[in-house]
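These are my notebook entries on what I looked up in one structure, taken topic by topic.

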Amino acid sequence: MRVYIDGKYYDEAKAKISVFDHGLLYGDGIFEGIRAYHGRVFKLQEHVDRLYHSAKALLLTIPMSPPEMMRAVVATCRKNRLRNGYIRLVVTRGVGTLGLNPNRCKQGSVIIIAGQIQLYPEAYYRNGLAIVTVPTVRNLHSALNPAIKSLNYLNNILAKIEANNAGVEEAVMLNAEGYVAECTGDNLFIVRDDEVLTPPLAAGALYGITRRVVMELAEEAGWRVREPNLTRYDLFNASECFLTGTGAEIVPVVKIDGRVIGSGKPGPVTRQLMERYHALTRVSGEPI
Ligand code: PXG
């Protein structure tokens with residue numbers, strides 16, 4: 001594998017970043033996780049736009065333009081002959097001093113890794129996933145806005161540890177008011193009375209690109225899509241529940257905090273959205 005760092009390609013073993021990079025010292029940086037399907041990068045423009053929005057929020061200057069970034073991603077895929085896989089795009093604040101002042105960092109670093117991703121095991125897509133709500137509250141948007149896809153993912157990692165301790169793979173994170181925000185690496189949806197519902201972004205969720213695609217697909221299929229605040233009670237009494245994310249795609253949820261959701265099997269709306277999503281990934285994206 002050849003890894004892109006600041007305009008050059010390095011062998012995996014030589015792809016290294018300084019220990020004085022503020023991305024390492026403080027989690028001061030941003031990232032994107034992108035998928036390639038059938039020789040096309042899926043929703044590349046949307047991921048690059050979100051990257052630049054994260055950068056804007058952190059006053060982080062990315063040392064290249066968005067079109068240059070798109071070309072670098074495609075070029076890295078080509079270099080690695082990647083047709084189906086996962087692209088991790090990272091921008092760090094760059095090398096600075098041991099103090100946290102970001103102004104001491106002269107230039108940000110851009111890293112592009114084109115590899116593979118471990119999806120959830122196939123059985124979860126067929127049979128559904130059990131998840132739990134966890135005590136770790138989602139970051140307040142007034143503290144560290146969950147819309148920023150920053151390298152500081154400890155809030156999510158703490159929740160993931162709590163999910164693992166409970167013997168499940170994913171955690172539902174609530175915000176400080178107790179409303180559902182999202183999961184540690186996925187957005188959450190429920191189906192109720194022929195409506196497809198997902199928490200509003202202001203509840204403390206990442207502006208998920210898969211979330212947006214799924215909302216569009218659901219509307220096209222004729223379901224009403226809304227973004228109300230949701231409580232645990234709403235999740236327990238949903239007829240269906242599923243998670244969305246670049247890595248996970250659409251994964252059905254059949255149990256939350258021990259409560260069986262709907263029939264206890266992936267529901268018809270979820271299954272139809274999964275089909276429509278896969279169909280879209282077969283035909284759409286930036287050619288490599
Ligand atoms: N919420 C959070 C906190 C995320 O990190 C999503 C929602 C889904 O957003 P997208 O735009 O991907 O639909 C994410 C994205 C991984 C992995 O390795 C995680 C994500 C993406 C790709 C891989 O676990 N999270």
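**Entry 1: a surface patch**

I began with the surface of this predicted model, where Val-19, Phe-20, Leu-24, Leu-25, Tyr-26, Val-95, Leu-98 and Leu-100 form a nonpolar patch with about 770 Å² of accessible area together. From this group I looked up Val-95, which sits in the loop between β5 (85-92) and β6 (109-115). Its relative accessibility is 45%, so I noted Val-95 as partly exposed.

**Entry 2: the two domains**

I then turned to the division of the chain, which gives domain 1 (2-115) and domain 2 (122-283). Their contact takes 24 residues from domain 1 and 20 residues from domain 2, while the C-alpha centres of the two domains lie 26 Å apart.

How much area is buried between domain 1 and domain 2? I found about 1,800 Å², with carbon and sulfur atoms giving 64% of that area. On the domain 1 side, the residues that lose the most area to domain 2 are Phe-31, Phe-42 and Arg-50, and together they make up 34% of what that side buries.

I also looked for charged pairs across this boundary and noted a count of one salt bridge between domain 1 and domain 2. In a separate look-up I found Glu-249 in a salt bridge with Arg-35, with 3.4 Å between the closest N and O atoms.

**Entry 3: salt bridges across the structure**

For the structure as a whole I noted eleven salt bridges, and I followed some of them in detail.

Arg-138 pairs with Glu-182, and the closest N and O atoms of this salt bridge are 2.8 Å apart. The pair links distant parts of the chain, with Arg-138 in the loop between β7 (129-133) and α5 (154-165) and Glu-182 in strand β9 (residues 180-183), 44 residues apart. Are these two partners buried or exposed? I found both Arg-138 and Glu-182 buried.

Glu-195 and Arg-226 meet through their side chains in a salt bridge of 3.1 Å, N to O. Here too the pair links distant parts of the chain, since Glu-195 belongs to strand β11 (residues 195-197) and Arg-226 to strand β12 (residues 224-226), 31 residues apart. Glu-195 has a relative accessible area of 14% and is therefore buried, whereas Arg-226, at 29% relative accessibility, counts as partly exposed.

Asp-257 forms a salt bridge with Arg-232, and their closest N and O atoms are 2.8 Å apart. Asp-257 lies in the loop between β14 (249-256) and β15 (259-260) and Arg-232 lies in helix α7, so this pair ties together parts that are 25 residues apart in sequence. I noted Asp-257 as buried because its relative accessibility is 18%, and Arg-232 as partly exposed because its relative accessible area is 30%. To finish this entry, I recorded that salt bridges with shared partners join Glu-195, Arg-224 and Arg-226 into one network.

Leaving aside residues up to four places away in sequence, Ala-238 touches Ile-190, Val-191, Ile-261 and Gly-262. I also checked Ala-238 against Leu-197: the two are 41 residues apart in sequence, and their C-alpha atoms are 9.7 Å apart in space.

Glu-177 is placed in the loop between β8 (170-174) and β9, and with a relative accessible area of 66% this residue is exposed. Its C-alpha atom is separated by 24 Å from that of Asn-164, although the two residues are 13 residues apart along the chain.

**Entry 4: positive phi angles**

Most residues other than glycine have a negative phi, which is why I looked for exceptions. Leu-59 is not a glycine and yet has a positive phi of about 50°; this residue is found in the loop between α2 (44-57) and α3 (66-79), and its relative accessible area of 77% makes Leu-59 exposed. Asp-194, also not a glycine, has a positive phi of about 60°. I found Asp-194 in the loop between β10 (187-192) and β11, and noted this residue as exposed because its relative accessible area is 58%.

Key:
Residues are numbered from 1 along each chain as its sequence is written. This is a predicted model: local features need pLDDT of at least 70, side-chain atom pairs count only at pLDDT 80 or more; totals for chains, interfaces and linings use all residues. Side-chain values use heavy atoms; hydrogens and water are left out. Patches are made of residues with over 30% relative accessible area and no salt bridge: like charges are joined within 9 Å, nonpolar side chains (Val, Leu, Ile, Met, Phe, Trp, Tyr) within 5 Å. Accessible areas come from the Shrake-Rupley method with a 1.4 Å probe; for residues, only the protein chains shown count as cover. A salt bridge is a side-chain nitrogen of Lys or Arg within 4 Å of a carboxyl oxygen of Asp or Glu. Helices (H or I, at least four residues) and strands (E, at least two) are DSSP runs, numbered from the N terminus. Buried means under 20% relative accessible area, exposed over 50%, partly exposed in between (1.4 Å probe, protein chains only). Domain bounds come from an automatic or database domain assignment. Contact means heavy atoms within 4.5 Å. Buried area is the accessible area (1.4 Å probe) that two parts lose on being put together, summed over both.
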